[in-house]
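Trainee: Could you walk me through this one? I'd like to start with any open space in the fold and then look at the helices.

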Amino acid sequence: MLFTARRPWQPPLRAGRPKSPDADPDGGSRSIRRAFDILELLLNAGEPLTVSEIISRLRIPKSTAYEIVRTLSGSGYLERSGKDSGLFIAARAKAFSDCC
């Protein structure tokens, strides 16, 4: 009886990579697209907006909006206009317009 070496198990080949739950239908990351939507909304609003106003205007999930706002704020791209008040674009984000 001949002994043949077995190859390690591999999943079946698929056409393309599996879609991420955060994938955008147009390609790319939905979270990044939404972060830019929030920045553009605040840029065009002309006044600070609360997270509730952002959720209402962009029609995005509450948890998503809070997570993106927290990330952008923590990175210095958004600032609060005061305690429990609206958000506005911080100087760090505005520096992008001066870079080129």
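Mentor: Let's begin with the largest pocket, whose lining consists of Phe36, Leu39, Glu40, Leu43, Leu72, Tyr77, Ile89, Ala93, Lys94, Phe96 and Ser97. Please keep in mind throughout that this is a predicted model.

Trainee: How much space lies in the largest pocket?

Mentor: The computed volume of the largest pocket is about 300 Å³. Rolling a probe the size of a water molecule over the atoms is how such empty space is shown.

Trainee: And how do the residues of that lining divide into nonpolar, polar and charged?

Mentor: Eight residues of the lining are nonpolar, one is polar and two are charged.

Trainee: Which helix gives the largest share of the lining?

Mentor: That is H1, which contributes four residues, the largest share of the lining. Helix H1, residues 30-45, and helix H4, residues 91-94, each supply at least two of the lining residues.

Trainee: Okay, stepping back, how many helices and strands are there in the chain?

Mentor: The chain has four helices and two strands, and along the sequence they follow the pattern α-α-α-β-β-α.

Trainee: What share of the chain is buried?

Mentor: Of the 100 residues in the chain, 25% are buried. As for contacts between residues at least 6 apart in sequence, 34% of them join residues at least 24 apart.

Trainee: Let's take H3 then. Which of its residues are buried?

Mentor: In H3 the buried residues are Thr64, Ala65, Ile68, Val69 and Leu72. They lie on the same side of H3, because the arc that they cover around the axis is only 125 degrees.

Trainee: What do those buried residues pack against?

Mentor: The buried residues of H3 pack against H1, against helix H2 (51-58), and against the strands S1 (78-80) and S2 (87-89). On the face of H3 turned away from that buried side, you will find the exposed residues Lys62, Ser63, Arg70 and Gly74.

Trainee: How far does H3 reach from its first C-alpha to its last?

Mentor: H3 covers residues 62-74, which is 13 residues, and reaches 18 Å from end to end, close to the 18 Å expected at 1.5 Å a residue. Just after H3 comes Gly76, which takes a positive phi of about 90 degrees.

Trainee: And H2, which of its residues are buried?

Mentor: Val51, Ile54 and Ile55 are the buried residues of H2. They sit on the same side of H2, since they cover an arc of only 100 degrees around the axis. H1, H3, S1 and S2 are among the elements that cover them.

Trainee: Where is Arg59 found, and is Arg59 buried or exposed?

Mentor: Arg59 sits in the loop between H2 and H3, and its relative accessibility of 75% is why Arg59 counts as exposed.

Trainee: Now Arg34, which is in helix H1. Why does Arg34 count as buried?

Mentor: The cut-off for buried is under 20% relative accessible area, and Arg34 has 19% relative accessibility, so Arg34 counts as buried.

Trainee: Which residues is Arg34 in contact with, leaving aside its neighbours within four places in sequence?

Mentor: With those neighbours set aside, Arg34 is in contact with Ile60, Pro61, Thr64 and Ile68.

Methods. Residues are numbered from 1 along each chain as its sequence is written. This is a predicted model: local features need pLDDT of at least 70, side-chain atom pairs count only at pLDDT 80 or more; totals for chains, interfaces and linings use all residues. Side-chain values use heavy atoms; hydrogens and water are left out. On a 1 Å grid over the protein atoms alone, a cavity is a set of points where a 1.4 Å probe fits but cannot get out, and a pocket is an open set with protein on both sides within 12 Å along at least five of seven lines; lining residues have an atom within 4 Å of a point. Grid points are joined across faces, edges and corners, and a volume is the space filled by probe spheres set on the points. Ala, Val, Leu, Ile, Met, Phe, Trp, Tyr, Cys and Pro count as nonpolar, Asp, Glu, Lys and Arg as charged, and the others, Gly among them, as polar. The expected span of a helix is 1.5 Å times one less than its number of residues. Buried means under 20% relative accessible area, exposed over 50%, partly exposed in between (1.4 Å probe, protein chains only). The arc is that of the directions from the helix axis to the C-beta atoms. Contact means heavy atoms within 4.5 Å.
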